Amino acid sequence: MTDTPTRNASCRCGQLRIVCSGEPIRVSVCHCRNCKARSGSAFSAQARFPADQVRTEGEAKLYQHAGGSGTLADFYFCKDCGSTLWFLNRPELDSYAVPIGNFEPGHDFEPQFSVYEDRQLPWVCILGEAIERYD
């Protein structure tokens with residue numbers, strides 16, 4: 001018997017799902033313009049899992065977009081409701097980043113990293129003594 005945690009996430013309509021086993025590689029918040037636009041909020045928050053610990057279900061559509069560094073990312077979203085459920089950064093494609101708001105309640109994720117803080121809105125405050133911060 002294993003005690004490996006399994007966490008489930010889904011799009012708004014439930015057609016697209018992702019199951020992540022084990023602990024995430026990292027949990028982070030990002031203040032870059034692309035993540036703000038993707039999340040529709042002042043920042044994004046996501047948990048990254050190794051690709052071999054992830055299983056997807058349902059039909060996803062793909063959108064590729066280049067970030068500020070010019071590196072492409074693959075964004076997978078529901079063909080029905082349009083929710084982005086995961087993304088993979090190129091060229092590695094070795095981990096799935098899943099917005100933490102898509103996970104079922106009880107996931108217990110807390111950010112370990114806050115990136116692009118130089119772009120953070122002045123009224124946002126990411127709290128936590130153990131959070132690594134990067135501009």
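Buried residues, meaning those with under 20% relative accessible area as judged with a 1.4 Å probe and protein chains only, make up 39% of the 135 residues in the protein chain; exposed residues are those over 50%, and partly exposed residues fall in between. The model is a predicted one, in which local features need pLDDT of at least 70 and side-chain atom pairs count only at pLDDT 80 or more, while totals for chains, interfaces and linings use all residues. Residues are numbered from 1 along each chain as its sequence is written, and side-chain values use heavy atoms, with hydrogens and water left out.

The secondary structure of the protein chain consists of 1 helix and 11 strands, where helices (H or I, at least four residues) and strands (E, at least two) are DSSP runs numbered from the N terminus. Along the sequence these elements follow the pattern β-β-β-α-β-β-β-β-β-β-β-β. An unreviewed UniProt entry places the feature "domain: CENP-V/GFA" at residues 7-110; such positions are given in the numbering used here, feature names are shortened, and annotations may be inferred rather than shown by experiment.

The C-alpha trace spans about 40 × 35 × 30 Å along its principal axes. If a contact is defined as heavy atoms within 4.5 Å, then among contacts between residues at least 6 apart in sequence, 53% join residues at least 24 apart. The protein chain has 14 positive and 17 negative side chains, the centres of the two sets lying 9 Å apart; Lys and Arg count as positive and Asp and Glu as negative, while His and the chain ends are not counted, and the place of a charge is taken as NZ of Lys, CZ of Arg, CG of Asp or CD of Glu.

I18 lies in strand 2 (residues 17-21) and is buried, with a relative accessible area of 0%. Not counting residues up to four places away in sequence, I18 touches R7, N8, A9, V54, R55, T56, L85, W86, Y96 and V98. P99 is located in strand 9 (residues 95-99) and counts as buried because its relative accessibility is 10%. With the same exclusion of residues up to four places away, P99 touches R38, A45, Q46, T84, L85 and W86; the C-alpha atoms of P99 and L85 are separated by 6.8 Å, although these residues are 14 apart along the chain.

Most residues other than glycine have a negative phi, and most peptide bonds are trans. The peptide bond from R90 to P91, however, is cis, with omega near 5°, and P91 is found in the loop between strand 8 (84-89) and strand 9. D108, which is not a glycine, has a positive phi of about 60°; this residue occupies the loop between strand 9 and strand 10 (113-115) and, at 59% relative accessibility, counts as exposed. Y116 likewise has a positive phi, near 60°, and lies in the loop between strand 10 and strand 11 (132-133), where its relative accessibility of 35% makes it count as partly exposed.
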